[in-house]
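Subject: The structure for you to look at

Hi there,

Here's the structure I promised to pass on. Have a look at it first, then read my notes below.

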Amino acid sequence: MQVVAGSVEDLRREGCRVVSVEGRPVGVVSVGEEFYAVSDRCPHMGASMCVGSLSGTLVPSDPHELVYGMDDRVIRCPWHGWEFDLSTGRSLLEPRRYGLRTYDVTTDDGQVVVHA
Ligand code: FES
């Protein structure tokens, strides 16, 4: 199943748009030249992830080093701050236990398409 989320231009301007994929809300997120699509319902209490924010996080590094990475690839829930990797959907804190479903996204003739 494929769902056209909208034009590349509109989605870049909006940053995130919620579309229905097989009856489920999916957030289509624009980051630089890339698009990601994840479930728009936080697994904690159901907040809309599209209302959240994007950031990075500290990534694994050598002892006594702080290395910031994943810039704009971490989506943060607006209600209680749970964070998820946009590319895998996995929770940063408990990746084995919590996650957002992810969907493939392509662009075709200026349109952003979500694949279920
Ligand atoms: S509803 Fe998302 S962290 Fe609580």
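First, a term you'll need: a residue counts as buried if 20 or more other C-beta atoms lie within 10 Å of its own, as exposed if 12 or fewer do, and as partly exposed in between, with C-beta atoms placed from the backbone. Methionine 1 has 8 other C-beta atoms within 10 Å, so it is exposed.

Keep in mind that this is a predicted model: local features need pLDDT of at least 70, side-chain atom pairs count only at pLDDT 80 or more, and totals for chains, interfaces and linings use all residues. Residues are numbered from 1 along each chain as its sequence is written.

Back to methionine 1, which sits in the segment before β1 (2-7). Setting aside neighbours within four places in sequence, methionine 1 is in contact with Glu22 and Ala116 (contact means that the C-beta atoms, placed from the backbone, lie within 7 Å). Its C-alpha atom is 28 Å from that of serine 53, which is 52 residues away along the chain.

Now the whole chain. You'll find one helix and nine strands; these are DSSP runs numbered from the N terminus, with helices being H or I of at least four residues and strands being E of at least two. Along the sequence the pattern goes β-α-β-β-β-β-β-β-β-β.

As for burial, 26% of the 116 residues are buried. Of the contacts between residues at least 6 apart in sequence, 41% join residues at least 24 apart. The C-alpha atoms fill a box of roughly 50 × 30 × 20 Å along the principal axes.

Cheers

Technical notes:
Two residues are in contact if their C-beta atoms, placed from the backbone, lie within 7 Å.
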